[in-house]
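Colleague: Could you take a close look at one part of this model for me? I would like to hear what surrounds it.

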Amino acid sequence: MPHFIRLTQFICALFLLLLSQGAIAQPALWSVEKNGITSYLFGTVHVGDSAMHGLDPRIKAAIKSSQTVVVELNTEAISPLELQRKTLPFMQQKPGSTLKTSLSPVTYKQVKDYLSKRKIDIALFESYQPWSVMLTILQLEYQQAGFSEDYGIDKQIIEYAIHIKKPIMELESLEQQLGLFSTLGAQNDAMIADTLKQVEDFEQYFTQMITAWKQGNYQKLNTFYKLSFDDSEYGQHAEQVMLIQRNNNWVATLTPRLAKSAHFIAVGALHLPQQHGLLTQLAARGFTVQRVK
């Protein structure tokens with residue numbers, strides 16, 4: 001599974017699954033209860049197509065019954081100008097470095113060939129970090145497949161919370177999320193090679209992921225998780241940076257809050273499963289975690 005799927009929500013990417021497989025298919029919603037206080041946990045997808053417009057009534061009801069909506073990052077609170085101002089310093093190369101010097105000759109040629117097929121000159125990216133090129137590649141693939149952030153579930157949840165005037169809490173800042181990509185820079189070649197390899201089978205693979213999410217099939221999402229964070233050095237490093245460390249931080253932040261008031265927590269779907277996932281960690285801290293039927 002492409003490592004981009006574990007990347008964070010605000011940036012195209014960041015990750016994941018979409019498509020409907022019939023009327024009975026429903027994404028998984030979880031209740032998290034302690035001290036008689038019930039909160040909700042929902043694994044989201046960050047891009048979608050027009051068929052995904054409109055939140056499930058269950059999700060709206062859960063948001064209404066909660067005191068606060070919790071998201072990874074409130075992208076609606078950032079203006080395009082502010083986003084550009086804060087993002088650019090992270091994306092740009094340091095003086096004396098270029099995209100070409102940041103990659104091996106083999107990987108650089110692969111990127112050049114990919115862009116050339118799409119009539120894009122790699123010279124446009126020479127002053128940018130490899131991870132920003134990776135995101136550009138993903139954005140191109142999403143667009144070609146008909147997906148957009150505008151139909152992502154995170155965005156729709158934030159917009160609905162604003163509409164009904166629910167307070168929104170962020171788990172991370174924009175700078176923290178951008179810093180995650182810089183951390184991955186230690187393995188630029190592996191990151192780019194992994195992305196290029198996966199986009200070769202993007203449509204088929206992505207559709208399978210979407211189907212699993214739409215059906216709330218967490219057994220299949222577990223399989224995708226294991227494929228994504230494989231035993232390679234890069235796979236293990238990315239799992240630590242993009243999921244495990246963040247999950248640990250989020251649980252530490254949320255645990256005392258959930259014991260006092262009801263929250264609706266919406267984070268990327270792959271943050272929920274496995275031993276380091278939010279479902280397991282919250283259950284280990286004395287919360288009753290159940291799937292909402």
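Colleague: Please walk me through strand β5 and its surroundings. Which strands pair with β5? What does A62 touch?

Modeller: A caution before the details: this is a predicted model. Start with the strand. Strand β5 covers residues 263–268. Six of its six residues are buried, so β5 is largely enclosed by the rest of the structure.

Now the pairing. Strand β2, residues 37–44, runs parallel to β5, and five bridges join them. One of the paired residues is F42, whose bridge partner in β5 is A266. Strand β3, residues 68–71, also pairs with β5 in the parallel sense, here over four bridges. T68 has H263 of β5 as its bridge partner.

Next, the packing. The largest nonpolar core has 43 residues. The members that touch the most others are L41, F42, I63, I153, I157 and F264. Helix α6, residues 153–163, supplies the largest share of this core, with five residues. As a general point, nonpolar side chains in soluble globular proteins tend to be buried together.

Setting aside neighbours within four places in sequence, L41 is in contact with L29, W30, V32, I265, L272, L278, L279 and L282.

A62 comes next. This residue is found in helix α1, residues 57–64. A62 has a relative accessible area of 3%. The cut-off for buried is under 20%, so A62 counts as buried. Not counting residues up to four places away in sequence, A62 touches L29, Y40 and F264. Take Y40: A62 and Y40 are 22 residues apart in sequence, and their C-alpha atoms are 6.8 Å apart in space. L29 turns up again here, as a contact of A62 and of L41. F264 also returns, touched by A62 and listed among the core members with the most contacts to other members.

For another view of burial, turn to a helix. In α7, residues 174–184, the buried residues are L174, Q177, L178, L180, F181 and L184. They cover an arc of only 140 degrees around the axis, which puts them on the same side of α7. What covers them includes α2 (80–91), α5 (130–145), α8 (188–199) and α11 (233–258).

Back to your strand, in brief. β5 is largely enclosed. β2 and β3 each pair with β5 in parallel.

How values were computed
Residues are numbered from 1 along each chain as its sequence is written. This is a predicted model: local features need pLDDT of at least 70, side-chain atom pairs count only at pLDDT 80 or more; totals for chains, interfaces and linings use all residues. Side-chain values use heavy atoms; hydrogens and water are left out. Buried means under 20% relative accessible area, exposed over 50%, partly exposed in between (1.4 Å probe, protein chains only). Helices (H or I, at least four residues) and strands (E, at least two) are DSSP runs, numbered from the N terminus. The arc is that of the directions from the helix axis to the C-beta atoms. Contact means heavy atoms within 4.5 Å. Two strands pair if DSSP finds at least two bridges between them. A nonpolar core is a set of buried Ala, Val, Leu, Ile, Met, Phe, Trp, Tyr and Cys residues joined through side-chain atoms within 4.5 Å.
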